[in-house]
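Please consider the sequence and the three-dimensional structure shown below. The paragraphs that follow lead through them step by step.

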Amino acid sequence: MGPSFRHIVYAIFLLAFAQLYSPLASAQVDLVLVNKSDSRLSLIKAGKVIKEYRIAMGEMPKGHKYQEGDQRTPEGRYLLDYKKADSAFYRAIHISYPNDEDRLRAKALGISPGGQIMIHGQNPRSELTPEEAQQFNWTNGCIALTNKEMDELWQLIEPGTPIEIWP
């Protein structure tokens, strides 16, 4: 004899309850924190880390981004200002680099600060598995996750969410 209707309804209720109260369930994050020296991106909600990811960055991860083409990921506080579903990589969330300070510095140095820094998924042309790719810094200064992780992030980030990128 199979499960009763009551058992099935109860199981569905428990599953829905667990999804509703999971730390990741539809809980928009308050802050994204990137620690470049640890190659980690953390999602913060109400002062608590709810999820962490290993990231890949530009080939020259140490130091703040100063100019276009320097292969660096910027450091400081920015906003995740828009989502781009049709990215050259798998999805992308734009980081508001350069800010006014970055532009002023670049102007004083007579260089272009660059732009189009994003959090994005995998390179569709890579021969590496997602796990292998995350072991290398392969972007031009962006922050890369696996496509599966990017799907999670996509659901938890709203435009306007602050991001802090630490050395």
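In this predicted model, strand E1 spans residues 31-35, and five of its five residues are buried. Because each of them falls under the 20% relative accessible area that defines a buried residue, strand E1 is largely enclosed by the rest of the structure.

The partners of E1 come next. Strand E2, residues 40-45, pairs with E1 in the antiparallel sense through five bridges. Within this pairing, valine 34 faces leucine 41 of E2, and asparagine 35 has arginine 40 of E2 as its bridge partner. The two strands make up a hairpin in which four residues separate E1 from E2. In the turn of that hairpin, serine 39 has a positive phi of about 55 degrees. E1 is also joined to strand E8, residues 161-166, by four bridges, and here the strands run parallel. Leucine 33 has glutamate 164 as its bridge partner in E8.

From E2 the pairing continues to strand E3, which covers residues 48-54. E2 and E3 are antiparallel and are linked by six bridges. Isoleucine 44 is one of the residues involved, with valine 49 in E3 as its bridge partner. These strands also form a hairpin, with two residues between them, and alanine 46 takes a positive phi near 55 degrees there.

Asparagine 99 caps the N-terminal end of H2, residues 100-109. A side-chain oxygen of asparagine 99 lies 3.1 Å from the backbone nitrogen of glutamate 101. Just after H2, glycine 110 adopts a positive phi of about 70 degrees.

Which residues carry the feature "active site" in UniProt? The record, an unreviewed entry, places this feature at His120 and Cys142. They are spread over 23 residues of sequence, yet they cluster in space, with a largest C-alpha distance of 7.4 Å. Both His120 and Cys142 are included in the lining of the largest pocket.

The surroundings of each residue may be taken in turn. Histidine 120 belongs to strand E6, residues 118-120. Its relative accessibility is 2%, so histidine 120 counts as buried. Leaving aside neighbours within four places in sequence, histidine 120 is in contact with several residues, including Phe89, Tyr90, Arg91, Trp138, Cys142 and Met150. Cysteine 142 is placed in the loop between helix H3 (130-133) and strand E7 (143-144). Cysteine 142 has a relative accessible area of 11% and is therefore buried. Residues up to four places away in sequence not being counted, cysteine 142 touches Ala56, Met57, Gly58, Thr73, Gln116, Ile117, Met118 and His120.

How confident is the predictor, and where does that confidence fall? The mean pLDDT of the protein chain is 88, and 84% of its residues reach 70 or more. Over residues 13-23, however, the pLDDT is below 50. Beyond near neighbours in sequence, that stretch has three contacts in the model.

Definitions and conventions
Residues numbered from 1 in each chain as written. Predicted model: local features only at pLDDT ≥ 70, side-chain atom pairs only at ≥ 80, totals over all residues. Heavy atoms only, no water. UniProt positions renumbered as here; feature names shortened; annotations may be inferred. 1 Å grid on protein atoms, 1.4 Å probe; cavity = no way out; pocket = protein on both sides within 12 Å on 5 of 7 lines; lining within 4 Å. Buried < 20%, exposed > 50% of the residue type's maximum accessible area, 1.4 Å probe, protein only. Contact = heavy atoms within 4.5 Å. Polar contact = N/O pair within 3.5 Å; in protein donor to acceptor, adjacent residues only side chain to side chain. pLDDT = per-residue confidence, 0-100. Pairing = 2+ DSSP bridges.
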